[in-house]
Amino acid sequence: MSSGSRTSPRMAPRRVPFPIHDEVQQDHTALPPDHFLSQRPITPPQPDSVIAERYWSARARPDTSSLAAADYDVSVLTGFLPPEEPVQRLEVGKEWELFEGCLDEAQEAVKVLEGGGVGRMDEAWREKIRALPTPSTEVLTTLPLLRRAHVLLSFLSHFYVHSTFPATNRVPAPLAVPWVLVSDKLGIPPVLNYADTVLWNWRLIDSSRGLRADNLDIPTSFTGSSSERAFFLLSLLCELHGPNILRLMSATLDEAFFADEVALGRIASYLDRISSSIDELTVIMREGTKGGFGHQGREKIVPAVFYWEIRPWFNGGKWFYEGVGEDDEDIEAGGKEMEWGGPSAGQSSLVHALDLFLGVDHTPRPTKTAESTSTSAHLPPLPPAALAKVKQSQASVPITDSTFMVRASQYMPSFHRAFLRHLSALHLPSASNPSPIPSLRSLATTYPVQLRDSYDNAINSMKRFRDGHMGLVTVFIVTQAKREPGKDTVFWAGWETKRLEKEAEEARRKAEDGEKVAEKMMGTGGTDLVTFLKACRDRTVEAFLGRA
Ligand code: HEM
């Protein structure tokens, strides 16, 4: 690239480096002493009834509405949801109001066309986005404002990228630059994620009634459809169980200090209550699978609408973030190229916290290799060329439970990621923590008479949760992937193109490697996904202690 273009007036003022800060700088592993999960001095055991409300409410965490109060952003009252109703609209200057206006227009455009397929914004809207001024992020002085900015920029950017067919891979600078800056402050990637769609995307229908399942609405969506609203609400209803689960986890950790008969009895009862809470999540999943969940079973997600009209808006991708990046390569390309995946409830810190607390181990370990698959009893051995291809395909789809869990945590707000890191470090001795709390799993192993049944009960609930979740995925993704979209939707063209490509590829492979390989390689739309979810469930089952 010539030096002239490096100093071009369009690029110069907008360039921001990426990444801006090192993760290390955002490491919050040291808990503030008054944090509710901080190790407390040993005190005499207290009666059961004292534990929850009185004890913890007296230790409410500091106000996190300002960035200065940088703790884990986890509340005993709202769990991983923000402690106050999210900001619904940025009213911090004209520039941001222009962005809010563009989001209104996009939501309106798609809504108008609902019923006759999925609408798209026209080129005039996209032109308008490209001409927007780059707004100042300096005015976003609190966490709630930053969160709203991320929601706003994420929805706008996904509207922009996916409003052409095929989707564009360029995020224009007026979106990309503030998106990267705001993402950096929140410690999340510049892509639509679970926090945007669920954690920070709710409002109270009646503010006097507070945060409860029948008092929640979803303000921001792509299609404005009741299915999309219900889809976000499904996860939100699960998050509402977070405070109870976190309080019980915290009370358990307290008792783990003592590990005497009284403490072990309490831990068993907390574990039983955690099991019941996990079972409630499973009930929500099962109801969601059958059709109606939420208040009086009114919430419904129509599978085909979800799969064909809602989910495509979520897709991440390999995009150029215009105006971002300082390397010669970035400048030459007109932007920093980054690849991110879209949102998933797999990014929910709640489920990760439960796994860590219970000791469900998703860390890497030897998995079934292509060789072992090829030599398994029910399949004929693969020819060498086919085996190489299977290996290649496995390498390019690294969706194992361990890598997924690590990857998913990168999409969580940095405070929550740090919280999980802290949770996993609680049981490890270190200079600052010379006498760590024994892990729940080691306690249950050491005191099987007192704890094993309750521990296994909780693991069984996690297994049922994952079974329930697989039911959802089967109905909403695997089954839908085998069907074709409506011919009048904008997804028809893409689907048809992919189908023809797939057919050609299958024919090519059949000719090269034989029929069996083609079947194995192509599988159904959901094969890899199902294998991954089964692996997550297998890891859960592995945690059972079982009868001695
Ligand atoms: C219609 C509803 C849902 C669908 C279609 C769905 C789909 C998926 C998919 C496709 C994955 C695989 C990874 C990925 O692509 O991100 C996944 C993973 C995951 N989802 Fe969901 N999901 C739904 C609801 C939920 C809910 C309500 C929760 C609970 C908060 C949840 C929790 C998880 C977790 C924890 C994982 C990681 C795998 C595991 O730990 O077993 N999902 N989901």
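Ala-176 touches Val-171, Tyr-321, Glu-322, Gly-323, Val-324 and Gly-335, leaving aside residues up to four places away in sequence; contact here requires that the C-beta atoms of two residues, placed from the backbone, lie within 7 Å. The model is predicted, and local features need pLDDT of at least 70, side-chain atom pairs count only at pLDDT 80 or more, and totals for chains, interfaces and linings use all residues. Residues are numbered from 1 along each chain as its sequence is written.

Ala-176 also belongs to the largest nonpolar core, where Ala-176, Leu-156, Leu-354 and Leu-358 are the residues with the most contacts inside the core, which has 114 residues. Helix H5 (residues 143-161) gives the most to this core, with 12 residues. A nonpolar core is a set of buried Ala, Val, Leu, Ile, Met, Phe, Trp, Tyr and Cys residues joined through C-beta atoms within 7 Å. A residue is buried if 20 or more other C-beta atoms lie within 10 Å of its own, exposed if 12 or fewer, and partly exposed in between, with C-beta atoms placed from the backbone. Of the 548 residues of the protein chain, 38% count as buried.

The secondary structure of the protein chain comprises 22 helices and seven strands; helices (H or I, at least four residues) and strands (E, at least two) are DSSP runs, numbered from the N terminus. Among contacts between residues at least 6 apart in sequence, 77% join residues at least 24 apart.

Three strands form an open sheet with mixed pairing, in the order E1-E6-E7. Strands E1 (170-171) and E7 (335-340) are the edge strands, each pairing on one side only. Two strands pair if DSSP finds at least two bridges between them. The pairing of E1 with E6 is parallel, over two bridges, whereas strand E6 (residues 317-322) and E7 pair in the antiparallel sense over six bridges. Arg-170 stands opposite Phe-320 in E6, and Phe-320 stands opposite Glu-337 in E7. The bridge partner of Glu-322 in E7 is Gly-335; both Glu-322 and Gly-335 are among the residues that Ala-176 touches.

The shell around the ligand contains 20 residues, of which Ser-344, Ala-345, Gly-346, Val-351 and Cys-536 come nearest. The elements that give two or more residues to this shell are helix H8 (226-239), helix H19 (448-481) and helix H22 (527-542). H19 gives the most, with six residues. A residue is near a molecule or strand if its C-beta atom, placed from the backbone, lies within 6 Å of it. The shell divides into 13 nonpolar, six polar and one charged residue, where Ala, Val, Leu, Ile, Met, Phe, Trp, Tyr, Cys and Pro count as nonpolar, Asp, Glu, Lys and Arg as charged, and the others, Gly among them, as polar.

Helix H17 (residues 414-425) has 12 residues and should span 16 Å at 1.5 Å a residue, which agrees with the 16 Å between its end C-alpha atoms; the expected span is 1.5 Å times one less than the number of residues. In H17, Ser-414, Phe-415, His-416, Arg-417, Ala-418, Phe-419 and Leu-423 are buried.

Two loop residues have a positive phi. Ala-259, which is not a glycine, has a phi of about 50° and is placed in the loop between helix H9 (242-256) and helix H10 (261-290). Ala-259 is partly exposed, with 17 other C-beta atoms within 10 Å. Gln-296 has a phi near 50°, likewise positive in a residue other than glycine, and lies in the loop between strand E4 (292-293) and strand E5 (299-300). Gln-296 is exposed, with 8 other C-beta atoms within 10 Å.
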